[in-house]
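Dear colleague,

I am handing over the structure we spoke about, and you will find it just below. Please open it first and keep it beside you while you read my notes.

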2 protein chains.
Amino acid sequence: MFGRTKKKKTYENPHIARLIEIVGEKEVLHEQGDLLSYDCDGFTVHKAMPKAVVFPKNTEEVAAVVRYCAANDIPFLARGAGTGLSGGAIPLNNEVIISLVKMKHLLSVDYENRQAVVQPGFVNLKLTNSISDKGYYYAPDPSSQYVCTIGGNVAENAGGAHCLKYGVTTNHILGLEVVLPNGEVIEIAEDGVPDSPGYDLMGLLTGSEGTLGIVTKITVRILKNPEGKQTVLAYFDRVEDGSRAVSDIISAGIVPAALEMMDETAIEGVEAGAYPVGHPDDIEALLLIEVDGITAGLEEQIEQILKVCKARNVREVKVAESEEERGRWWANRKTGFGAMGAISPDYLVQDGVIPRSTLPEVLKNISDISKESGLRIANIFHAGDGNLHPLILFDSRIPGETEKALKAGTACLKACADVGGSITGEHGVGIEKKEEMRFIFSDEELEAQLRIREVFNPDDLLNKGKLFPTPSRCMDVKKIVKDTVAVK
Amino acid sequence: MFGRTKKKKTYENPHIARLIEIVGEKEVLHEQGDLLSYDCDGFTVHKAMPKAVVFPKNTEEVAAVVRYCAANDIPFLARGAGTGLSGGAIPLNNEVIISLVKMKHLLSVDYENRQAVVQPGFVNLKLTNSISDKGYYYAPDPSSQYVCTIGGNVAENAGGAHCLKYGVTTNHILGLEVVLPNGEVIEIAEDGVPDSPGYDLMGLLTGSEGTLGIVTKITVRILKNPEGKQTVLAYFDRVEDGSRAVSDIISAGIVPAALEMMDETAIEGVEAGAYPVGHPDDIEALLLIEVDGITAGLEEQIEQILKVCKARNVREVKVAESEEERGRWWANRKTGFGAMGAISPDYLVQDGVIPRSTLPEVLKNISDISKESGLRIANIFHAGDGNLHPLILFDSRIPGETEKALKAGTACLKACADVGGSITGEHGVGIEKKEEMRFIFSDEELEAQLRIREVFNPDDLLNKGKLFPTPSRCMDVKKIVKDTVAVK
C-alpha cells in the first residue's frame, strides 16, 4: 500500500486505551501534568489524584465508560464545574473522573409548559440568559451561578439567595435521565409531568452528591419574570435587633424573594472587597431584603418591612432607587465570600441551618466560639431560611491555625445541630462534613441511607467514601437484610 | 382471696391474644362482623377481609405491633380514614390493619417557625380550623379534607384544588417519624429544618402509598392566610376555548391559587347535585379561577384573567361579590364527584396528568373514548396543573357495563400517558392502577423502585401487592444485586 499508515498509539495502562476507544483520544486526560487541576474542587483542604479524566459527549458514552469501570472494578465519579465547597468531586480513590463539561447544551425550551431540558454541563446562569428575552428565568441562584453547572446543582441540591421564596434546586427539577452505577440508563418523569406515581427517585437522586448515579439530562421548571422587584437595605446598631427583624418580617406574612444578613466582620470584608457600596463601618448588622411580584402589591410589602425595621430600632433603611443601585447591592453580597480575602489570608466557609427563631441565640454562640478560638468569624448568610454561613478567618502560615479554624467550623455546626438544625444548607457533606453527619443522624438513620446507597451501588465504585461517616459499613447486603428483619 | 376474680378471656387465635396484650382489649377488632367495614377503602371495586384491626395510641404501640407481625410473618398495613381512591388500604393478604385514627392529636404549633406537629390520624381540615384564629392555614386541600387524615395525605402525597400555586403534600412536609417494617423507629428532619443532608428519605416516604414504613408523627409547614382572595367564574360555549384560556392564563405570568375546569356533563351533574349554583345548561365548559395574595395586586391579575377569557370567546365571566358567593362556587366544585350520583347510578373516577398544553387534544381523545364505549364521561378537574379527573358514568346493574367502564378508564389513562403524562396525579396507584404503571415505567425503572422497596421491606409483609405490577418480583436480594452489577 502507498501512503503512510497512521501509527496506533500504545498506552502503558490498558484501561486508558479502552477509555480512549470509548470517548476518543482528545477526550481523555491521563498524563500527570494534565491531571493536576483535577486533584480537588472548591474544597481545597484535601487533594487526591485521579486515574484519568474523560469527557463524554453524550449519554451513551457516559454509560459505556461507567459499564467499563464497573466491569473492571475501577472507581469513578462525575464532575461538573468543580465549584462544590465540600469536596464531593475529589478523587479520593484514584477515580476515573467523568467530566460533564462537554455535555453543555440547552436541548429545548417549552415556554407553554414552562420547562427547559438541559445537559448536565450547562452553566446555571446561561439558562436565565437564554430565556430572559422571552421574559423567563431559572430560579435557583447559587452565588457561583456564572460558572457552576446545573448537573452539579442537582447533585448538591444547590440553593441561593432567592431560594427563600422560590425553593432550592429540588423544587425546580421536573425530570432526570440518569446513568446508574451499573451503566443502566433510566428516565425519571422525563417529560416533566409532575406527581409521577411510584417512589420519588427524582427527590432521592437530587442532593445525593453523586453517590447514586450520574445525571445526563435534566428537565427544569422555568419561571416568568416577576413584574416588579423592590430591594431594601437596612442597617442595625445591634445584631440582635437585625435577627429579630428577620423573624418579624416572616411573621408579618411577607415571603421576601431574598432576606440576607451580614454582620460587622462581614461588612468590613465586603467593603474592603471589589464591590464596596459604602456601608457604615460601625453597625453590627445589615439586612438586604428583596420582594417581587405584581407591581401593585409591592409598595404595601415594602411599607410593612420598613415598619418592622423601625420597631426593631433600625438606624437607617433605604429602598433601591434604580436597577443599577440594586445591582450594586447584590454584587456586594454575592461576592462576599471572596471579599474576605481582603481582610484575611485564608477563610473557611461553613454552612449550617437553624430554625429561624433561634437566630439570635446561635449568632451569640458563634460569637463565643470566635472568642474562644481567637479567630474572627464573619457571618454573611441567607437569614430568611435560617441558612448560616460563618466564615472563619485564619492564616494558614501560622502553625496550628488551620486546625484551629477547622475545629471552630465544627463547633459552629454543632451549635446549629444543638438547636435542632442541620449541618449543611446548600454546600453538601462531601468529604468535609462526613463525621458531622453523626450530629444529626442516629446509627439507624444512617443505616437506612446506606442501605439505599448499596442498592444503587453494591460495589461502592461510584464516588466512594463521600457523604457518610468513615469507615463505611462493609457491603454485606445479605447481612444487612438479616439485621433489618431481626426483631429488636 | 375474697371478691371475684376477673376471668381472663382466651382467644382461638394466639396472635389476637398477643395483639391485645400490646394495645389493649378495646383496641383490637377481630370478629367477622366488626371487620366488615374494613374490607375496602374509597376504591370499592375490590374487597378483602383483614385478620384484625388494631388501634395503637402511640408510636411505641405501632412499633410493637409491627415487630410482632414481622417476627411472626403476619402481613400488615396502615390505614387512616380509608378515603383513598385507589385501594391502598385494602387488606389483599388478610393483613392486620394498623388503624391510626386514635393517634389524632395536634401535638404542637410553632407560629414563629411556621410549623405544626401532628399525629397521623389528625384530620386535614382540623389543622386549618385549629390555627385560623391566628391567621394561619394548612395548604394541601384534597376534596375529602373534612375527613381524610394527614397521615393518609403523606402516604398518597395528596393534592387538591389549591395545589397549583402551593404545591402538593410533599411540598409541605418538614419532618417525619416513621416506624420501619422491622419495627425500628427513625426520625427524618424531626425539627423541620429544611435541606437536611443525606438522601431525601422524606421525599421517598411521601407518596410511597404505605409500602415503605408507617408514619407516626408529621411536622408540616403552615402558611399565613393570604391578605385577599378573588374568585372568577367563566362560561365558555366551546370546550376548546376554555382549554386554551387555561394555558393563556399561565402564560400571562399569573399563578392562580386554583384553576379548575368542568365540562358539559360535569356541569349537568353538579347542577343536579346538592349544591347547584345555576350554571347555564348549554355551555361546553366552565373555569373556576382563584387568585390570592396582597390585596393591592389582585385587581391587576383579575383584569388580566378577564382579558384572556374575552380573547378566548368567553360567553360570560363574573367575579365573586362576597365570601358567601365564593363559598357556594367552591361547594359546587368540591362535592362534584358525589354529585354525579344524581345523573348516573355509578361512576368511576380516573386521575391522569398531562402537560398543560395538550389539554385540548386529550379532552378530544377522552370524548372519542366516551363515544366508542357508549358511556358518558364527565370531566371535572384541576386544569391549571393538567390533572384530569374523567368520571366514567355507568350502571353496574347492566351486565358487562362495569367492565366497559374499567376499560374506558384504562383507555383514558393511556391517552394521558401517550402525550407524556402520568397515570395518577393525586389518587395513587394502590391496586387500581398497578398494571398501568407499565404505561409510564420501563422494566429497569420499575426494578429500581422495587429494589428500594426490598431494602425497606425484605419480607414483603407491609402492604404487599400494591403500587407495582403483579406478579411482584421474587425477593432474592442476592440475585438482584448480582443483576445490578452485571455489565449489559
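In which sense do β18(B) and strand β20 (residues 390–394) of chain B pair, and over how many bridges? Bearing in mind that this is a predicted model, the pairing of β18(B) with β20(B) is antiparallel and runs over three bridges. Within this pair, Ile377(B) has Ile392(B) of β20(B) opposite to it.

Strand β18(B) also pairs with strand β13 (residues 258–263) of chain B, again through three bridges and with the strands running antiparallel, and here Met262(B) has Ile380(B) of β18(B) as its bridge partner.

Where domain 1 of chain A meets domain 2 of chain A, the contact takes 14 residues from domain 1 and 15 residues from domain 2. These two domains of chain A bury about 1100 Å² between them, and 69% of that area lies on carbon and sulfur atoms. On the side of domain 1 of chain A that touches domain 2, the elements giving two or more residues are α3 (59–71) and β3 (76–79) of chain A, and the largest share, six residues, comes from α3(A). Between domain 1 and domain 2 of chain A, the count of salt bridges is zero.

With best wishes

Notes. Residues are numbered from 1 along each chain as its sequence is written. Chains are lettered from A and ligands numbered from 1 in the order in which they are written. This is a predicted model: local features need pLDDT of at least 70, side-chain atom pairs count only at pLDDT 80 or more; totals for chains, interfaces and linings use all residues. Side-chain values use heavy atoms; hydrogens and water are left out. Two strands pair if DSSP finds at least two bridges between them. Helices (H or I, at least four residues) and strands (E, at least two) are DSSP runs, numbered from the N terminus. Contact means heavy atoms within 4.5 Å. Buried area is the accessible area (1.4 Å probe) that two parts lose on being put together, summed over both. A salt bridge is a side-chain nitrogen of Lys or Arg within 4 Å of a carboxyl oxygen of Asp or Glu.
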